[in-house]
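Take a look at the structure below. Keep it open while you read.

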Amino acid sequence: MGWNLIFWVLCFFVDLALLSSNFYQLVILSDLEADYLNPYESSSRINFLIVPEIVVHGLLCALFLLTWHWFLFLITLPLTCYAAMLYMKRKHLIDVTEVFRDLSFEKKYRLVKLGFYLLLLFIIIFRVFTAAKMSFYRSESGELDIRSAFLEF
Amino acid sequence: MTPFSSSGPVVRSDAPGLRLSTPSPPQSAPPFSSSTGPVVRSETAPGFRSPAPPPSYVPPSPTTAPFSGFPAPQFPSAQPRLWAHPPPPPPPAGGQVPPPPVPLRPPMGFPSPPQNVNYAPPTTNVPQPSFPGPGFIRPQSGADSQPPAVQSPFPFVAQKGGYAPAPPVAAPLGFQSRDQMQHPSPGPGAIQGLVEDFNSLSIGSVPGSIEPGVDLKALPRPLDGDVEPKLLAETYPMNCNPRFLRLTTSGIPSSQSLASRWHLPLGAVVCPLAEAPDGEEVPVINFTSTGIIRCRRCRTYVNPYVTFTDAGRKWRCNLCSLLNDVPGEYFAHLDATGRRIDLDQRPELTQGSVEFVAPTEYMVRPPMPPLYFFLIDVSICAVRSGMIEVVAKTIRSCLDKLPGFPRTQIGFATFDSTIHFYNLKSSLTQPQMMVVSDLDDIFVPLPDDLLVNLSESRIVVETFLDSLPTMFQDNLNVESAFGPALKASLMLMSQLGGKLLIFQNMLPSLGVGRLKLRGDDLRVYGTDKEHALRLPEDPFYKQMAADFTKFQIGVNIYAFSDKYTDIASLGTLAKYTGGQVNYYPGFQSAIHGEKLRHELARDLTRETAWEAVMRIRCGKGVRFTSYHGNFMLRSTDLLALPAVDCDKAFAMQLSLEEALMTTQTVYFQVALLYTASCGERRIRVHTAAAPVVADLGEMFRQADTGAIVTLLSRLAIEKTLSSKLEDARNSLQLRIVKAFKDYRNLYSVQHRLGGRIIYPESLRFLLLYGLALSKSIPLCGGYADAALDERCTAGFTMMTLPVKKLLKLLYPNLIRLDEYLLKTSSPDDLSSIEKRLPLAAASLDSRGLYLYDDGFRFVVWFGRALSPDIAMNLLGPDCAAELSKVTLSERDNETSRKLMKIIKKFRESDPSYYPLCQLVRQGEQPREGYLLLKNLVEDPMGGTSGYVEWILQIHRQVQQNP
Ligand SMILES: [Zn+2]
């Protein structure tokens, strides 16, 4: 099975993890808004996930760069930069004392991320299938199709 | 409504329009417009169940507002509103009203006799001969009488104040309270007549002067301090007193589009525990048998505005209209009018403020005892300043007065580079000190004996406090392990909660939460990083604050350093725990000791509500969206207040949920659930109703400047935490401009406004307060204008001040004392010193002695040409010395005793802070500048605009098209 397929499957799982982490955080924020969770609990749960999420996202971005997937690298780059900026400003964590003031922003931010990871997931799934087909095709013909190279963007 | 304002009666005549939306039945128009005032009163009277009207109804003293409640236009020219002379007509003999110069009685007869009780007693109408300065007889305008003279062009003079000694007739006053006054023809139509419902101020060339401008004398000034709006209380007499809840406008907009044209904040200022004068205490109600009656759906507490139906078996919630069952034990029959027959035994159904004793459902744990834990810095600077001694002595003297005897608990810890705990177990004869020096892994030895019951361990506690000052007197330690000590306090107190009082004398330098010097860098100012200086540097402080709130610990910070202590970081602890910051820069016990003693004693002995939460509910269609003050939000609308007291107020903004309001009245209910010091769990409930109005003019008419300024100041201070000072000031100004612009648009079509700035009577002081706010310490200038620590302290303080106190801080009292001191009259006659002066250097006469009082400090200003006798009497042999080194103390002569008596009286009138007296002589720079001149907000100063300039600036911006 080529490395390509393994790479895309790996990306698939990484993206899935990011997606579910964001979804979980959104659920917590909704619970907080509905008063099912207190601010201490919810912010500590969310803050526990934030740094790992930034690291994983950064790694994914770097992986795209290293494998010369320019398009994917470029679309993951803005979020990486934004997260890095938040981290540098030490504003990446939820501020438990002002959590309600920031609530709508935090929710929107996570909704946007959720949408982004969903989009990424579709692209990756498409790539997984292309890669699977490709490795099959390649093993048959033994030479690279120029079109598939083009499809790599 | 300020007394003496000429538009008083007109506001009255506007009232019928307002009443359309109020429950009282509409009545036929009064016979003539000038008598609407009393008619309104007699109309609302039946619903007036509360026996005691707000204090302002009754003139408490002859000098204050004789007409405040009742403009009493029936005596039109019988009220020669004399602000002074020259020449004053002789006070009529026997306190009788002078005979009217012109036929004053309107063609029709007086209203019926019962309304006569509403007249202000004639004696209070007698002009006060003691008002110095120029003035004139203010003519009654319009309908009431023929103007006796030419004065009609200037019917208005700033309240009570001849401002500069110019003969009134000559002054081309530009200020016209109303242009075309009310239609002179009496009759029902007069109310609807062509009236300008606004005040205006002519901008443009003043006749007789070349300079375009505004007449300084005519500018409105809040010389009567804060005046609570009365209109709402009159319409809804069962509302809670405004000292507990004030709305920025009591006309709630009926639609979102209307709300969006109201550019001022829409919301409320709540002071749930405000001190009530004797006789007006909030009644405590014990619903032992029935449980507390609340709405099933929205959890509203039973209040005067609920209605009983179905022969008394059901009650309808006024907030959500749900029909609830009346519990059997609470049942009472209804009389013919549908009122409960037991109404007079049910304060919760007749009064806007009540306190319910909460049963066990309202407790997550047994009510906690009052608990005080003291964390005291004992490093070398603290020892040298003498702070430790003052603190120890004050605490010792307050031991008997701590609330909650015999359950009160107490504990102490001190720290320098190590943390010291004190075992105060009652079986010991003297306290044992335990030192913890491992700052990375804090542990608390013997946690059970460090917090002890005060009455059991009283002797040990006293021994400890007696020996504390000497214990560290030779301490040379220069470090401060503040963060670790804080953590240790949290560990100790987390069992019970309580109040943590921190006495900090230097920048935390060891362990977690150590801070570094910042704010010295001039270059940061004016950049995007500037606001970070006003935020906590280390997230540790926010986290600690959150933890403190979680464990019901309220933190009060006392800071004493003369160097940078990072109040921005330390104050965060107080901000999120409902506490306060007291800062004594460069504390020296000889100078500031008295202030610290009083303020600490106040903190320890004032009635405190423990482990409190507060929520404000409101009727359908509106929702509170943001909260501003010192607290932490526990959920979207629940304020967690580990320890709260009478000196704390909270502000909140509301917004409309739907495009259109469906109700005619909006109800608000503040509920504070807390543990009283006696160990009872209680719920204090304040209920208020406000009408829904459909036009912007009505919203403006019912606006409350005090509440608006409070909210504006909190919003502006919050803005300084996320942007530059300049941006905060600009957005404040922009808001005011927008509001005035929309107000102008209301009238620009029908009226020729020309070069006038127009504003509603209710907001006549808004411009001045806006100016004062942008010159206040948290917002003013830049790097050099206020030390960072002082700026932050002022910010934390202003975020929690109640309305009255804030307004006094923004526009302090300036009064002239020398005449009073020289007068031989009895020292209790304070009438002459109750006249406040405009805050401008022109008010200061070099022959005078003045007192400046902003509620936090006094400045006594000695004029250069002040009679040497007075100075000699007040200062004794020190009178020639430099006044910065002189303190005022009572000397053995009448003048000095009189002055000290005044100062004492002022201090007692507002005990929440203890103002220290600072003396300054005219021309003594730079002290005079920063003590007094800088605070004269009406003067231009160091690049800031003065009052006139500010008005012109606002006017220009208002006239600019968007
Ligand atoms: Zn209800």
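## A predicted model

The model shown here is predicted. Keep that in mind for every value in this report.

## Chain A

Chain A has five helices and zero strands. Along the sequence its pattern reads α-α-α-α-α. The chain holds 153 residues, and 41% of them count as buried.

Its accessible surface is about 9000 Å². Carbon and sulfur atoms account for 74% of that surface. Now take the contacts in chain A between residues at least 6 apart in sequence: 77% of these join residues at least 24 apart.

## Chain B

Among contacts in chain B between residues at least 6 apart in sequence, 75% link residues at least 24 apart.

## Two helices that cross

Two packed helices are described by the angle between their axes and the distance between the axes. In chain B, find helix α17 (residues 766-774) and helix α24 (residues 947-959). Their axes come within 10 Å and cross at roughly 110°. Angles of 65 to 115 degrees count as roughly perpendicular, so α17(B) and α24(B) are roughly perpendicular to each other.

Which residues make the contact? From α17(B) come B:Leu767, B:Leu768, B:Gly770, B:Leu771 and B:Ser774. From α24(B) come B:Tyr947, B:Trp950, B:Ile951 and B:Ile954. Sorted by class, this contact has seven nonpolar residues, two polar ones and no charged ones.

## A closer look at B:Arg684

B:Arg684 sits in strand β29 of chain B, which spans residues 681-693. Is B:Arg684 buried or exposed? Its relative accessibility is 11%. Buried means under 20%, so B:Arg684 counts as buried.

The side chain of B:Arg684 has polar partners. It forms a polar contact of 2.6 Å with the side chain of B:Glu355. One of its polar atoms also lies 3.2 Å from the backbone oxygen of B:Pro272. Leaving aside residues up to four places away in sequence, B:Arg684 touches several others. Among them are B:Phe244, B:Leu273, B:Ala274, B:Val282 and B:Val354. B:Val670, B:Ala671, B:Leu672 and B:Tyr674 are also touched by B:Arg684.

Terms used:
Residues numbered from 1 in each chain as written. Chains lettered and ligands numbered in written order. Predicted model: local features only at pLDDT ≥ 70, side-chain atom pairs only at ≥ 80, totals over all residues. Heavy atoms only, no water. Contact = heavy atoms within 4.5 Å. Axes fitted to C-alpha atoms, helices over the stretch in contact; angles between N-to-C directions. Helix = DSSP H or I, 4+ residues; strand = E, 2+ residues; numbered from the N terminus. Parallel < 35°, antiparallel > 145°, perpendicular 65-115°, else oblique. Nonpolar A, V, L, I, M, F, W, Y, C, P; charged D, E, K, R; others polar. Buried < 20%, exposed > 50% of the residue type's maximum accessible area, 1.4 Å probe, protein only. Polar contact = N/O pair within 3.5 Å; in protein donor to acceptor, adjacent residues only side chain to side chain. Areas by Shrake-Rupley, 256 points an atom, 1.4 Å probe, with all protein chains shown as cover.
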